Amino acid sequence: MTAVARRRWLVLSGIGLAVVGLHMVALLALGPGWLDPERPVASPMQRIELRSVVQPGAVTALPPPAASALPVESRRAARMATTGVPGMPAVSSPRVAVVGAQDDRDTAAAAPSAPPEFLAEPAGPAVAATATEIPVYATRLPPAGQWRYRLQRGLMVGEAELQWAPQDGARYEMRLLGRFAGVTLLEWASQGQLDAAGVAPERLAIRRRGRDRQAVNFQREAGKITFSGPTHELPLLPGVQDRLSWMVQLPAVVAAAPERFAAGATVVLYVAGARGDADIWAFVVQGVETVDDRPALKLLREPRRRYDTRAEVWLDPSEHYLPLRVVQTPSGGGAALELQRERVTR
């Protein structure tokens, strides 16, 4: 190699290392936000939106003002409330089959629909539910294990590990770690009990550098759900899940009675997140699809409001119906968060 060629190679190598370094700095600055399915990845042209949290309780309806007295943005929101949001599915109240309930009888519950104005401008992230709306299922929990996934959001690709550790059939610990270039950017930790309804979380914590930054607490003796940030509380219902534990609870429900989950069947879960959000997640069976040359049962959860999560999950019958692939897409905009399993270790 000549001296000129050597200098050129050194310059190009330095530029390449600088680019990689800048990408690493940007990812560390984003932290868990890059991997958080609840937070869309903003582009420079996206606006910042603030959402308020409504305390639970009775609300007295006020008569709406005349349309001519509303400002332009409010009139636009009012039109969206009556005609719907472009690109969003209509919210209806389907009859939901309750499958494998503890009393071993088939019953039905109507999934509540969000009011039209909630689609236009959501009043808050928490949606209270009642015990009659949330079925209790028979479950068959998977054994302990660790599952590795390819992790992608937008153009960024990393790796993730899902850890499931039941303890003596009475308690569990669960963790989801997300890494990029060897750096941990995401750590979700769920722990709790195992009861007649399956996974019974007590706490989900979103951690940064080993410390809890956001959390949702399921206070079972007090019968309520509380959050580390938002001050509102929600009633604790049997079978309630957190944003991580549903990835084991859903497979456990299907594994208990797989013959009941043909295309069109529904699994209804009540899912709470660490940011004060909670809502009904109704997964509808789409049928069997092939993922990496393996048959998988696909289920789809459509968003119920404008700022919500669309969740697609492919369950692996050969691995206790645990997720083979998961895609979570924020309906408010942003890239999807994708997990696709690579291999199993124990």
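In the predicted model, strand S14 (residues 294-301) is mostly covered, with 6 of its 8 residues buried. Strand S13 (residues 278-291) runs antiparallel to S14, and 7 bridges join the two. Val 288 faces Leu 297 of S14 across this pairing. A hairpin is formed by S13 and S14, with 2 residues between them. Asp 292, in the turn, has a positive phi of about 55°. S14 also pairs with strand S15 (residues 309-316), again in the antiparallel sense, over 5 bridges. Here Leu 297 stands opposite Leu 315 in S15.

The structure holds 16 salt bridges. One of them joins Asp 279 and Arg 301, whose closest N and O atoms are 3.8 Å apart. Asp 279 lies in S13 and Arg 301 in S14, so this pair ties together parts that are 22 residues apart in sequence. Asp 279 has a relative accessibility of 2% and therefore counts as buried. Arg 301 is buried as well, at a relative accessible area of 0%. Arg 301 also forms a salt bridge with Asp 308, with 2.9 Å between the closest N and O atoms. Asp 308 is buried too. A network of salt bridges links Asp 279, Arg 301, Arg 304, Arg 305 and Asp 308.

Another salt bridge joins the side chains of Arg 243 and Asp 277 (3.4 Å, N to O). This pair links distant parts of the chain, 34 residues apart. Arg 243 sits in the loop between strand S11 and helix H4, and Asp 277 in the loop between strand S12 and S13. Both residues are buried.

Arg 208, Arg 209, Arg 211 and Arg 213 form a positive surface patch. Arg 208 belongs to strand S7 (residues 198-208). Its relative accessible area is 31%, so Arg 208 is partly exposed.

Technical notes
Residues are numbered from 1 along each chain as its sequence is written. This is a predicted model: local features need pLDDT of at least 70, side-chain atom pairs count only at pLDDT 80 or more; totals for chains, interfaces and linings use all residues. Side-chain values use heavy atoms; hydrogens and water are left out. Patches are made of residues with over 30% relative accessible area and no salt bridge: like charges are joined within 9 Å, nonpolar side chains (Val, Leu, Ile, Met, Phe, Trp, Tyr) within 5 Å. Accessible areas come from the Shrake-Rupley method with a 1.4 Å probe; for residues, only the protein chains shown count as cover. A salt bridge is a side-chain nitrogen of Lys or Arg within 4 Å of a carboxyl oxygen of Asp or Glu. Lys and Arg count as positive and Asp and Glu as negative; His and the chain ends are not counted. The place of a charge is taken as NZ of Lys, CZ of Arg, CG of Asp or CD of Glu. Helices (H or I, at least four residues) and strands (E, at least two) are DSSP runs, numbered from the N terminus. Buried means under 20% relative accessible area, exposed over 50%, partly exposed in between (1.4 Å probe, protein chains only). Two strands pair if DSSP finds at least two bridges between them.
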